[in-house]
Amino acid sequence: MAVAIVVPPLGLEGQPLQVSLWFVDVGQEVLAGDRLVEVMLPGMTFDISATCNGTLAAIDVREGALIAEGETLGRIHPA
């Protein structure tokens, strides 16, 4: 069962975020704590990290897309 990569609560009061950069590609192995994706809003960036060891199974939201807290960005197949 895949583990969702979710935008955590960042306390931004509903401000839209943008996916800036994916640090890994589908099929690449990741370790818990590895940076997976950078999201940003004007003047700030946030890294979202892997919550488990495994393989990046899917990227659901591409670079440049607008997103919100709680949204699923992709999935990891746990090791």
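**Figure 1. Accessible surface and overall dimensions of the predicted model.** The accessible surface of the protein amounts to about 4,500 Å², and 53% of this area belongs to carbon and sulfur atoms; accessible areas come from the Shrake-Rupley method with a 1.4 Å probe, and for residues only the protein chains shown count as cover. This is a predicted model, in which local features need pLDDT of at least 70 and side-chain atom pairs count only at pLDDT 80 or more, whereas totals for chains, interfaces and linings use all residues. Residues are numbered from 1 along each chain as its sequence is written, and side-chain values use heavy atoms, with hydrogens and water left out. The C-alpha trace spans about 35 × 20 × 20 Å along its principal axes. The radius of gyration, taken over C-alpha atoms, is 12 Å; this agrees with the value near 12 Å for a compact globule of 79 residues, the globule rule being 2.2 Å times the number of residues to the power 0.38. Of the 79 residues, 32% count as buried (buried means under 20% relative accessible area, exposed over 50%, and partly exposed in between, with a 1.4 Å probe and protein chains only).

**Figure 2. Strand content of the protein.** The secondary structure comprises zero helices and eight strands, and the elements run β-β-β-β-β-β-β-β from the N terminus on. Helices (H or I, at least four residues) and strands (E, at least two) are DSSP runs, numbered from the N terminus. Among contacts between residues at least 6 apart in sequence, 56% join residues at least 24 apart; contact means heavy atoms within 4.5 Å.

**Figure 3. The open sheet β5-β4-β2-β7.** Four strands form an open sheet in this order, with antiparallel pairing; two strands pair if DSSP finds at least two bridges between them. The edge strands, β5 (44-49) and β7 (66-67), each pair on one side only. Six bridges connect β4 and β5 in the antiparallel sense. Within this pairing, glutamate 38 has aspartate 47 in β5 as its bridge partner.

**Figure 4. Pairings of strand β8.** Strand β1 (residues 3-6) runs antiparallel to β8 and is joined to β8 by four bridges. Isoleucine 5 stands opposite glycine 74 in β8. Strand β6 also pairs with β8, in the antiparallel sense and over five bridges.

**Figure 5. The largest nonpolar core.** A nonpolar core is a set of buried Ala, Val, Leu, Ile, Met, Phe, Trp, Tyr and Cys residues joined through side-chain atoms within 4.5 Å. The largest such core has 21 residues, and those with the most contacts inside this core are Ile5, Trp22, Leu36, Ile67, Leu73 and Ile76. At least two core residues come from each of β2 (17-22), β4 (35-41), β6 (54-59) and β8 (72-78). Strand β4 gives the most, with four residues. Neighbours within four places in sequence aside, leucine 36 is in contact with Ile5, Leu21, Trp22, Phe23, Val24, Val30, Ile48, Ser49, Ala50 and Ile76.

**Figure 6. The salt bridge between aspartate 47 and arginine 35.** The structure holds two salt bridges, a salt bridge being a side-chain nitrogen of Lys or Arg within 4 Å of a carboxyl oxygen of Asp or Glu. In the pair formed by aspartate 47 and arginine 35, the closest N and O atoms are 3.2 Å apart. Aspartate 47 lies in strand β5 and arginine 35 in strand β4, so the pair ties together parts that are 12 residues apart in sequence. Aspartate 47 counts as partly exposed at 36% relative accessibility, and arginine 35 is partly exposed with a relative accessible area of 45%.

**Figure 7. The salt bridge between aspartate 60 and arginine 75.** The closest N and O atoms of this pair are 2.6 Å apart. The pair links distant parts of the chain, with aspartate 60 in the loop between β6 and β7 and arginine 75 in strand β8, 15 residues apart. Aspartate 60, at 40% relative accessibility, counts as partly exposed; arginine 75, at 33%, also counts as partly exposed.

**Figure 8. The surroundings of alanine 58.** Alanine 58 lies in strand β6 and counts as buried, at 12% relative accessibility. The bridge partner of alanine 58 in β8 is arginine 75. Apart from neighbours within four places in sequence, alanine 58 is in contact with Val26, Gly74 and Arg75. Proline 42 is 16 residues from alanine 58 along the chain, and the C-alpha atoms of these two residues are separated by 27 Å.
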